[in-house]
Each structure stands twice: as C-alpha cells, then as structure tokens.
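Subject: Structure for your review

Dear colleague,

Please find the structure below, together with its sequence.

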Amino acid sequence: MKLCRFDDDRLGLVEAGDIVDVSSALDALPRHRWPVPLGDDLIVHLDRLRPMIADAAKNGIRRSVASVKLKSPIANPSKIIGAPINYKDHIEESKKDQGIAHGRVIRTIGDWGLFLKANSSLVGPSEGVALRFPDRRNDHEVELAVIVGKPGSNIARADARRHIAGYAIGLDMTVRGPELPSFRKSIDSYAVLGPWLVTAEEIADPNDLDFSIKVNGETKQASNTKHLDFDVFRLIEFASAFYTLLPGDIIMTGTPAGVGPVQPGDVMHAEIAGIGAMDVTVRAA
Ligand code: MN
C-alpha cells in the first residue's frame with residue numbers, strides 16, 4: 001500500500017499511478033485533548049485503518065499525481081533520526097573534501113553515533129527546499145527513509161523488521177560548516193520526505209534498493225542500500241539502544257558519495273526502486 005498526504009491534509013492511496021482520496025478513513029482516528037501523545041496517529045493506527053482505506057478507495061475521487069501538492073506522508077514524527085557517514089564512498093569523499101569535513105576527523109558511524117533533525121524541518125516534495133544561507137554550501141543528500149511502525153526500545157536486530165511501518169525517499173539537506181550536524185541539518189524545509197509511504201510488505205529487502213538523485217537532469221548520486229555500513233536493521237538496533245522508537249519516527253539511513261551543492265532554481269529528482277520518484281524545487285528562503 002502506498003499512502004500520501006496531499007493538498008489540504010487529505011489522505012491518498014496511490015493506485016495505478018493515480019491518487020485516490022481516502023480521507024474518510026481518517027474519521028476513525030481518535031480526537032485528542034492536551035497533552036497529545038507523541039507519535040504519528042496515522043502510523044499508530046495504520047493496521048486498524050487499512051481495511052477502511054481499502055473500503056474508502058472504492059468510491060474515492062481519483063486525481064493524477066501531477067495535479068496534487070504532496071506533503072510529507074508523516075505529519076507528526078516524535079523524531080527524525082539521521083545516520084552520518086554510513087556509506088564507505090561518502091566517508092572517502094568526506095575525508096578528501098574539507099568543504100564537507102571542516103576539520104573534523106571522519107571516522108565511522110559506530111564512533112559518531114546518530115543525530116537528530118528538528119521535526120520543524122520536515123516538508124513534502126511539493127513544498128520544496130528554501131535555502132536559508134544561500135551564500136554557504138547547501139548540499140543534497142538522498143537517502144532511504146525508514147518509518148517506524150511498532151514502538152520499541154533496545155530492539156534486537158533479529159526483531160527490527162517487525163518495527164518497520166514502511167519506507168519513503170528522504171532528502172537530508174545540509175548546510176556545510178563547522179557547526180554540529182543537528183544544527184546544520186535542522187533548518188526549515190531541510191528534511192524532505194516523499195513522495196509517499198510504501199508499507200513494509202511491499203519492499204522485499206530494504207538492504208538492496210537502487211536509488212539516485214539528479215539535479216537539473218544530471219545524475220549526482222546513484223547507489224544501492226546494500227552498500228550501507230549500518231544497514232536498516234542495525235540502525236534500528238543502534239537507535240533503539242539510545243532512544244525509544246515511536247510510530248512515525250523517521251530514520252534517514254545515510255547518503256552515498258556524490259553529495260554536492262544546490263542553488264535556488266535547481267530541481268532535484270530523487271528515486272528509489274520500489275518506492276517511486278519525486279521532484280523537489282530549491283528556492284531562496
Ligand atoms: Mn545524511
């Protein structure tokens with residue numbers, strides 16, 4: 001099942017290249033009073049909603065993908081987790097390029113651990129990326145994004161798969177510089193998630209997916225998740241050793257070699273096998 005959030009926070013089922021409005025299924029979600037529980041309600045209740053979504057699709061209004069504005073399929077993550085230096089070829093390019101390293105000693109993800117991106121940085125592909133500091137180097141990083149389904153802490157690698165709700169394309173946009181990653185990667189619109197959530201059963205092996213990004217039609221990054229240092233299941237184990245993972249949490253799994261700067265007016269085209277593709281426009285903030 002491919003689920004998107006579009007236009008005025010409508011819920012869409014992606015079917016045969018179209019988007020079917022299944023927003024009526026959202027009526028089954030609970031109405032909250034303060035304090036609102038952490039986590040994304042759509043993901044918390046996804047298993048219960050699936051038959052309602054299928055039912056709503058029978059009479060739902062069909063739209064073409066091109067005619068809607070795609071927002072982040074996850075509206076309310078409790079956190080967005082980032083994985084630094086998680087592809088060997090990106091480690092090598094980071095060691096060679098002081099524009100990336102900025103004096104840091106590049107080691108391994110095991111040494112560095114993970115980082116968090118502010119939830120307020122999250123947008124969907126149609127919202128685009130607004131460069132806050134156009135005079136500095138602003139890089140694209142295309143990544144497989146894993147969406148947590150079942151909550152958990154200290155999740156064993158062997159159990160990790162059961163905690164995944166699905167997958168999406170993530171762009172971990174980055175201002176290069178000497179500041180800590182969480183600061184440089186948390187600017188408004190610097191976390192792009194889209195074009196939709198693909199539920200876990202549609203992806204046979206998340207650790208073997210081709211993915212790429214083009215900028216203005218030119219391929220900049222192209223790799224396969226089989227080259228991850230900490231693969232998807234290890235990342236869940238690693239993250240949950242420190243954080244309780246909650247439904248809707250987003251893990252951006254890391255980026256391969258080929259990171260590079262974007263400018264206002266650029267169009268990024270990102271795709272991952274089995275998920276889909278999205279275009280994201282860059283503008284000045
Ligand atoms: Mn990254």
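**Findings: strand pairing**

Val267 has Thr281 of β20 as its bridge partner. The model is predicted, and local features need pLDDT of at least 70, side-chain atom pairs count only at pLDDT 80 or more, and totals for chains, interfaces and linings use all residues. Residues are numbered from 1 along each chain as its sequence is written, and side-chain values use heavy atoms, with hydrogens and water left out.

Helices (H or I, at least four residues) and strands (E, at least two) are DSSP runs, numbered from the N terminus. Two strands pair if DSSP finds at least two bridges between them.

Strand β19 (residues 267–272) and strand β20 (residues 276–284) run antiparallel and are joined by six bridges. Within this pairing, Met268 stands opposite Val280 in β20. The hairpin of β19 and β20 has three residues between the strands, and Gly274 takes a positive phi near 85° there. Strand β20 is also joined to β9, by three bridges, and these two run parallel; Leu131 stands opposite Ala284 in β20.

These strands belong to an open sheet of five strands with mixed pairing, in the order β9-β20-β19-β15-β16. Because β9 (129–131) and β16 (218–224) each have a single partner strand, they stand at the edges, and one side of each is left without a neighbour in the sheet. From one strand to the next, the twist averages 20°.

An open sheet of three strands, with antiparallel pairing, has the order β13-β10-β18. Its edges are β13 (174–175) and β18 (260–261), each with a single partner strand, so one side of each lacks a neighbour in the sheet. Two bridges pair strand β10 (residues 138–140) with β18 in the antiparallel sense, and Asp139 stands opposite Pro261 in β18.

**Domains and cores**

The chain is divided into domain 1 (2–71) and domain 2 (80–284), with bounds that come from an automatic or database domain assignment. Their C-alpha centres lie 24 Å apart. The contact (heavy atoms within 4.5 Å) takes 16 residues from domain 1 and 21 residues from domain 2.

A nonpolar core is a set of buried Ala, Val, Leu, Ile, Met, Phe, Trp, Tyr and Cys residues joined through side-chain atoms within 4.5 Å. Buried means under 20% relative accessible area, exposed over 50%, and partly exposed in between (1.4 Å probe, protein chains only).

Which residues have the most contacts inside the largest nonpolar core? They are Leu171, Ile236, Met268 and Ile275, in a core of 54 residues. Helix α7 (residues 232–240) gives the most to this core, with six residues. Domain 1 (2–71) and domain 2 (80–284) both give residues to this core, so it lies between them. Apart from this core lies another, of 27 residues, including Leu3, Leu11, Leu29 and Ile80.

Leaving aside neighbours within four places in sequence, Ile236 is in contact with Val146, Ile155, Ala160, Ile164, Leu245 and Ile251.

**Helix α2**

The expected span of a helix is 1.5 Å times one less than its number of residues. At 1.5 Å a residue, the 14 residues of helix α2 (residues 46–59) should therefore span 20 Å, and the end C-alpha atoms are 20 Å apart, which agrees. The buried residues in α2 are Leu46, Leu49, Ile53, Ala56 and Ala57. Among the elements that cover them are β1 (2–6), β2 (10–15), β3 (18–21), α1 (41–44) and β14 (191–199).

Yours sincerely

Methods. Axes fitted to C-alpha atoms, helices over the stretch in contact; angles between N-to-C directions.
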